[in-house]
Protein chains: 4
Amino acid sequence: MFSTDQQSEIDAARAGWAQTRRTVVPAAEDALYTPLPVLETGFVRLIDYMGGDEGIVQGARVSYGKGTRSTSDDRGLIRYLMRNRHTSPFELAVAKFHVRAPIFVTRQWFRHRTASINEYSARYSVLEKEFYFPRPEDIARQSSSNKQGRGDSLPADAAEQVLALLREDATRCYDHYLEMLNQDEAGNVVDPTRPVVARELARMTLPVNVMTQFYWQINLWNLLHFLRLRADAHAQYEIRAYADAILTLVERWVPQTFEAFRDYMQEAALLSGPALRALRAVLAGDGTVDLQAAGLSKREAAELIALLPEIGSRAR
Amino acid sequence: MFSTDQQSEIDAARAGWAQTRRTVVPAAEDALYTPLPVLETGFVRLIDYMGGDEGIVQGARVSYGKGTRSTSDDRGLIRYLMRNRHTSPFELAVAKFHVRAPIFVTRQWFRHRTASINEYSARYSVLEKEFYFPRPEDIARQSSSNKQGRGDSLPADAAEQVLALLREDATRCYDHYLEMLNQDEAGNVVDPTRPVVARELARMTLPVNVMTQFYWQINLWNLLHFLRLRADAHAQYEIRAYADAILTLVERWVPQTFEAFRDYMQEAALLSGPALRALRAVLAGDGTVDLQAAGLSKREAAELIALLPEIGSRAR
Amino acid sequence: MFSTDQQSEIDAARAGWAQTRRTVVPAAEDALYTPLPVLETGFVRLIDYMGGDEGIVQGARVSYGKGTRSTSDDRGLIRYLMRNRHTSPFELAVAKFHVRAPIFVTRQWFRHRTASINEYSARYSVLEKEFYFPRPEDIARQSSSNKQGRGDSLPADAAEQVLALLREDATRCYDHYLEMLNQDEAGNVVDPTRPVVARELARMTLPVNVMTQFYWQINLWNLLHFLRLRADAHAQYEIRAYADAILTLVERWVPQTFEAFRDYMQEAALLSGPALRALRAVLAGDGTVDLQAAGLSKREAAELIALLPEIGSRAR
Amino acid sequence: MFSTDQQSEIDAARAGWAQTRRTVVPAAEDALYTPLPVLETGFVRLIDYMGGDEGIVQGARVSYGKGTRSTSDDRGLIRYLMRNRHTSPFELAVAKFHVRAPIFVTRQWFRHRTASINEYSARYSVLEKEFYFPRPEDIARQSSSNKQGRGDSLPADAAEQVLALLREDATRCYDHYLEMLNQDEAGNVVDPTRPVVARELARMTLPVNVMTQFYWQINLWNLLHFLRLRADAHAQYEIRAYADAILTLVERWVPQTFEAFRDYMQEAALLSGPALRALRAVLAGDGTVDLQAAGLSKREAAELIALLPEIGSRAR
């Protein structure tokens with residue numbers, strides 16, 4: 001995935017140790033700079049961080065003054081903050097990532113507005129011939145139940161046909177891109193008598209599975225919000241692959257926050273007012289509760305039963 | 001540009017008048033809902049607004065209390081606020097636009113994070129066969145002086161060749177898109193025995209000059225900031241075309257703010273500390289001031305002379 | 001609460017009807033400009049709005065394209081958006097309020113960073129002699145269970161003693177403020193031979209229950225987030241009084257969104273991963289589930305039982 | 001300013017060195033944790049940082065790809081980015097401060113919405129008996145020319161009278177605060193038979209010159225924006241004192257950015273369109289240019305002459 005030059009840069013960065021008075025998280029240091037491969041041609045790597053579980057606790061204690069020091073240990077305090085969505089201490093921790101991803105993924109990614117982004121500019125530089133092609137098993141049918149999701153995988157031969165189309169389009173479009181730029185893949189001018197079309201124009205013919213790269217910096221609270229939405233079954237598989245990789249880095253960097261995130265955000269479920277009332281009726285009664293009669297929509301009713309299958313015959 | 005149905009919807013919206021106690025700006029009402037064409041297949045239209053010059057003045061006067069009422073008229077106050085970048089009264093006015101633009105333009109657009117966006121979802125719905133193709137005269141060479149700009153137009157035949165490439169790629173990619181979706185342009189299933197690839201996957205083969213559409217809501221201060229950067233010679237021509245169209249709507253909606261924007265933002269120039277000191281030396285002395293010796297970079301020196309050509313031989 | 005002049009201004013604003021093509025919500029029009037009294041000397045009033053339930057639906061349908069039109073009615077779509085926290089359509093609606101509140105309340109209020117604020121400036125103008133004094137029944141003991149809350153009301157005589165202290169401090173500090181400004185309550189110079197201390201300095205002696213006022217503009221999603229936190233039993237009573245008043249305005253302005261907010265935000269509860277697992281054990285089993293053994297903290301366990309009292313003896 | 005305990009904590013933090021692979025800025029390390037006194041009873045200290053000049057350059061180079069590496073050195077690139085307000089690379093550097101300041105200063109401070117704040121909670125804990133009292137020479141008259149500024153210092157005896165009022169109010173209000181809390185300054189209960197008023201209520205009698213404290217985290221671009229507005233002659237002296245102290249920390253942390261900030265933000269001036277046209281007339285002509293006839297307001301004309309006094313008799 002990396003050229004020899006790039007690998008040397010990473011090795012050099014990893015070899016450079018220095019002394020600091022700031023909070024250091026050894027497991028995060030261990031992960032620094034090393035790319036985690038995502039979607040074959042993409043990656044994500046942690047390139048800087050500030051703070052950690054310890055700093056979150058310290059930030060919370062500024063608000064509470066002397067009052068809290070004795071009562072709760074750090075883990076308990078972090079869980080308390082997470083459970084009650086006291087977000088500001090989590091904002092004090094910050095991470096910076098370097099990401100390579102297809103453009104259609106970045107379009108979902110950058111809808112999260114509370115981050116700082118420095119992206120490779122296709123006005124300034126030539127995009128490399130790197131595209132995302134799904135693995136055959138990831139090529140799936142349109143879901144029949146979910147208008148914005150995918151269903152079963154395609155049969156192998158149909159998947160190969162799709163891949164052939166994607167490869168053909170990427171190749172031809174990239175060839176035309178170079179033709180407009182009047183250069184070959186090595187960056188040499190092809191025909192000095194022909195004009196070079198402006199990069200900002202030529203790039204318009206590239207499909208949205210071309211790879212781009214960017215630096216992404218975000219505070220921990222906003223990062224967790226991103227991860228809850230994107231490391232989730234409702235997110236498109238391709239962005240989920242990045243979110244899952246980032247989660248492993250978060251776990252190393254802030255293990256106590258990660259655990260609280262899992263319990264209170266990722267695995268938590270929001271029960272609506274009507275759902276709670278229906279559930280109380282289930283717990284109180286001996287008959288069967290009609291969830292739709294209790295004010296839940298058909299979809300909500302199904303979701304509640306899926307969440308609590310042990311309800312069994314007591315609700316429908 | 002619009003189907004009969006869409007045009008009827010616009011006509012119906014424009015025909016629907018109602019009574020309100022809120023600030024009404026007749027010239028903005030006059031512009032409401034009507035699309036302004038941009039880049040042939042694109043448009044921008046104002047679909048809602050809140051406040052106006054009057055409300056900005058009122059907002060400022062909350063801060064100033066009784067103190068200011070007598071001293072300055074509305075126009076003067078708006079100019080004062082703009083000159084001194086007192087941004088909060090301008091934040092009180094809000095506009096909502098409906099935009100159709102190519103994806104590569106929206107990628108620049110959405111880097112402005114202080115707006116609310118609702119974009120057409122290519123996971124949920126099928127993208128239409130609408131692409132942006134530049135007019136031949138807009139197809140230009142890579143600028144030799146500006147790494148992220150364009151220079152002269154291409155000769156007519158070379159421009160036609162570029163257009164042919166763009167058209168070929170768009171057409172073939174879109175055909176493959178439909179092939180993966182197993183549907184024709186009218187939305188009918190082509191072959192009931194073949195699978196329908198998930199929309200979120202099939203769209204990855206579309207080039208970034210495919211058209212998308214979105215609602216965009218932004219407060220006036222953030223809008224002016226966007227316009228200063230994008231209705232500017234350094235911006236890519238394609239997004240500038242949208243910014244210019246929006247400017248005409250802003251002028252109708254908040255004419256006094258528009259005038260102040262032009263004088264104090266768009267036509268204003270920032271002179272650095274070194275540039276100011278050099279300029280003072282020019283004004284004080286009788287010889288020639290060497291701008292680079294005075295601390296300006298070569299590029300800054302050239303910019304200062306371009307800004308004030310009447311300096312003539314007094315600086316170099 | 002209002003001077004004759006101010007009341008005339010409000011009456012004039014309410015009398016001024018004009019024609020608009022924008023979305024009009026009659027119940028919001030009906031409420032416009034009229035102040036709702038809060039905390040005796042404070043108020044909140046709606047002074048502008050943009051959009052409504054209808055516009056939220058329209059914004060959502062841009063994202064969904066043609067796909068959704070037939071399937072769901074407006075109310076159902078709003079409930080779906082709220083339940084799944086699809087926030088961007090709610091961001092398209094905006095409201096502007098005029099508020100008078102004590103400084104200690106605004107300090108909590110302005111921690112919500114996603115709004116535009118124009119506040120009365122005590123550097124520019126003289127603050128009026130308006131303070132917040134609680135009603136005797138609102139003067140309460142420090143809560144013994146909640147470190148940041150209040151418990152029972154004080155006995156009447158003790159409450160009167162507290163009020164006497166508050167009144168004495170406010171009066172004396174305000175007298176000193178005027179003394180530094182060398183003016184009387186009517187704004188006349190007291191002694192032309194004495195200096196007038198800068199307003200920005202003199203104001204530093206005023207206590208945080210002095211009243212200030214501000215314009216506050218916020219989009220509907222951020223407003224609902226504010227209301228969920230502040231129209232809540234954990235919020236300080238004084239800011240809750242404002243949030244409750246704003247809720248009545250929201251109900252008039254966007255009744256369907258209000259209803260969805262109540263069901264899916266205000267009355268909803270988040271069940272953590274451990275709580276859900278414990279609840280499933282309760283539903284499945286016949287014995288008693290030990291919640292703390294199941295991973296809940298003592299406080300969480302108590303909260304779960306309070307939420308679902310019908311659990312009865314099946315959990316402890 | 002600090003108790004023995006607090007000083008020991010600072011000493012311990014400063015003594016704790018560890019190894020890191022991240023960017024380290026030795027001059028920032030040297031400053032870490034040590035409080036800089038501001039306004040006698042206040043302070044500001046740097047408690048964490050991420051990135052530095054080097055990281056800013058690296059972030060910019062992601063955008064420019066291979067294109068820029070050879071052409072410009074780091075200092076030149078930082079100056080270029082600053083001059084052209086390419087803000088995103090500066091957003092990649094982050095700093096965290098611990099601040100103690102009077103409430104009226106924090107009210108101005110927190111109007112900057114793009115930072116993360118963890119403030120001491122007066123609902124949760126008791127505020128200490130720490131107030132800001134200006135030095136006699138800082139007590140000044142209301143400015144006659146600037147409605148929101150101060151003019152000359154007061155005569156010594158008048159200043160002492162003001163200080164006496166401020167001290168009296170602070171002392172009496174704080175005594176009443178403790179009386180409501182039924183505790184003495186050491187935190188002991190005074191009379192076990194009397195009720196303890198809720199802290200969130202009792203604090204409402206404290207004047208806005210009482211000291212509070214907070215953690216403040218902000219990215220470098222937003223920090224520079226804050227500093228340009230607050231380390232400025234138009235800002236109130238008290239917040240300027242904090243901004244000036246922070247500037248000395250910024251200079252140590254990111255010296256190249258600091259230098260560019262000074263040249264291109266702090267010492268720069270914005271010339272409006274009309275001012276530029278007038279200046280060109282001055283440079284071109286031999287007579288005297290009437291600035292107000294050229295479209296400048298009286299105040300703008302005076303500002304232009306103050307900025308470029310060498311214009312002399314050529315403009316009025």
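Start with chains B and A: their contact takes 56 residues from chain B and 56 residues from chain A, where contact means heavy atoms within 4.5 Å. This is a predicted model, so to speak: local features need pLDDT of at least 70, side-chain atom pairs count only at pLDDT 80 or more, and totals for chains, interfaces and linings use all residues. Residues are numbered from 1 along each chain as its sequence is written, chains are lettered from A and ligands numbered from 1 in the order in which they are written, and side-chain values use heavy atoms, with hydrogens and water left out.

Putting B and A together buries about 5200 Å², with carbon and sulfur atoms giving 55% of that; buried area is the accessible area (1.4 Å probe) that two parts lose on being put together, summed over both. R107(B), R123(B) and M204(B) supply 14% of what chain B buries against chain A, more than any other three residues.

In one of them, E119(B) meets R107(A) at 2.6 Å, N to O. Helix 7 of chain B gives the most to the side that touches chain A, with 11 residues.

Next, turn to chains A and C. Here 37 residues of chain A are in contact with 37 residues of chain C, and the buried area is about 3300 Å². The salt bridges number 8, and one of them joins E300(A) and R83(C) at 3.6 Å, N to O. On chain A's side, helix 12 brings the largest share, 9 residues.

Strand 9 of chain A pairs with strand 9 (residues 269-271) of chain C in the antiparallel sense over 3 bridges, and L271(A) stands opposite A269(C). Strands pair if DSSP finds at least two bridges between them; helices (H or I, at least four residues) and strands (E, at least two) are DSSP runs, numbered from the N terminus.

A rotation of 180 degrees with 0.0 Å of shift along its axis superposes chain A on chain C (RMSD 0.0 Å), by least squares on the C-alpha atoms of residues with pLDDT of at least 70 in both. That is the relation of a two-fold axis.

Terms used: Salt bridge = Lys/Arg side-chain N within 4 Å of Asp/Glu carboxyl O.
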